[in-house]
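Hi,

Here is the model I said I would pass on. Have a look at it first, and then read on for my notes on what turned up.

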Amino acid sequence: MIAAPRSRSRAVPALAVLTLGLLMAACGSHPDEPQVASLPETALPAPTTTGPGAAPSAADPAGPVEGQAAGTDERPVFRVDDTEQRRRQVWNAYNACLLGHGATEPQGEMGVGLGDSLVDYANAPRSALEACAHLEPRQPPALDAATNPDFRQDTQAYVACLAGRGLFVTLLGDDSPDWTYTEGHPVPDDSAQIEQDCLVEAYGAG
């Protein structure tokens, strides 16, 4: 799936993680390693407060990110076919807000990179999570069993698409598109492109 941009990164919990964000990114991993794949560039950090976010402060980005109305608490929503540029813009806005409200970068090499910076999401102050809730991205509705009535059918189509292009995976559950590599099969060199193409083909662009 579309792995989040990484920099000294460790896998983030998968939705549910996927989130997001979950989540352990499988791209680039050796097929013999028990890695879990999660949604492309859509992984979420650890669950945060879901209440309405406070109005942007001086620590927030200068303006709303693409897909978010100015002066509202509507969180940006990822699309299955989002560009890497837009995903980075969304995560960078959220990260900048958290860091501006007291969150810190992870210590050592165990950070998670979602966007161009590292944030210790797990230990971010509650006040920061609440202040930045309006910037925390939502996953594509098509990739959530709760919002997509055809989720299971689409997910089976996704797995079939992957297999048809030489990427064999095993789903980890019925309510998430997260998967692990199926043993005994090599991983194609263009696996990341295969994952992205099959996501759009199976779930649509939205």
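Glu84 and Arg88 join their side chains in a salt bridge, with N and O 3.1 Å apart. Please keep in mind that this is a predicted model. The two residues sit four places apart in helix H1 (residues 84-100), so about one helical turn separates them. Glu84 counts as partly exposed because its relative accessibility is 42%. Arg88 is partly exposed as well, at 24% relative accessibility.

Arg88 also has a salt bridge to Asp116, with an N to O distance of 2.4 Å. Asp116 belongs to the loop between H1 and helix H2 (126-131), while Arg88 is in H1, so this pair ties together parts that lie 28 residues apart in sequence. Asp116 is exposed, at 57% relative accessibility. Taken together, Glu84, Arg88 and Asp116 are linked in a network of salt bridges.

**Another salt bridge along the chain**

The structure holds eight salt bridges, and one more of them deserves a look. Arg165 pairs with Glu201, and their closest N and O atoms are 2.7 Å apart. Here too, distant parts of the chain are linked: Arg165 is in the loop between helix H3 (151-164) and strand S2 (169-171), and Glu201 is in helix H4 (residues 191-203), 36 residues apart. How exposed are the two partners? Arg165 is partly exposed at 37% relative accessibility, and Glu201 is exposed with a relative accessible area of 54%.

The protein chain has four helices and three strands. Starting from the N terminus, its elements follow the order β-α-α-α-β-β-α. Of the 206 residues in the chain, 47% are buried. The accessible surface of the chain is about 9600 Å², and carbon and sulfur atoms account for 51% of that.

On confidence, the mean pLDDT of the chain is 73, and 62% of its residues reach 70 or more. In residues 1-34 the pLDDT is below 50, although this stretch has 134 contacts in the model beyond near neighbours in sequence. Residues 39-64 are also below 50, with 98 contacts counted in that way. Where pLDDT is low, the predicted coordinates should not be read in detail.

**Helix H1**

The buried residues in H1 are Arg86, Arg87, Val90, Trp91, Ala93, Tyr94, Asn95, Cys97 and Leu98. What do these buried residues pack against? They meet H2 and H4. After the helix comes Gly102, which has a positive phi near 110°.

Leu99 is also part of H1. Its relative accessibility is 29%, so Leu99 counts as partly exposed. Leaving aside residues up to four places away in sequence, Leu99 touches Thr104, Glu105, Ser117, Leu118 and Val119. The C-alpha atoms of Leu99 and Tyr121 are 10.0 Å apart, and these two residues are separated by 22 residues along the chain.

**Helix H3**

H3 passes the length check too: its 14 residues should span 20 Å at 1.5 Å a residue, and the end C-alpha atoms are 20 Å apart. Phe151, Asp154, Thr155, Tyr158, Val159, Cys161 and Leu162 are the buried residues of H3. Looking down the helix axis, these fall within an arc of 160°, so they line one face of H3. Gln153, Gln156 and Gly164 are exposed on the other side.

Which elements do the buried residues of H3 pack against? Their partners are S2, strand S3 (179-181) and H4. Just after H3 comes Gly166, with a positive phi of about 90°.

Best wishes

Definitions and conventions:
Residues are numbered from 1 along each chain as its sequence is written. This is a predicted model: local features need pLDDT of at least 70, side-chain atom pairs count only at pLDDT 80 or more; totals for chains, interfaces and linings use all residues. Side-chain values use heavy atoms; hydrogens and water are left out. A salt bridge is a side-chain nitrogen of Lys or Arg within 4 Å of a carboxyl oxygen of Asp or Glu. Buried means under 20% relative accessible area, exposed over 50%, partly exposed in between (1.4 Å probe, protein chains only). Accessible areas come from the Shrake-Rupley method with a 1.4 Å probe; for residues, only the protein chains shown count as cover. pLDDT is the predictor's confidence in each residue, from 0 to 100. Contact means heavy atoms within 4.5 Å. The expected span of a helix is 1.5 Å times one less than its number of residues. The arc is that of the directions from the helix axis to the C-beta atoms.
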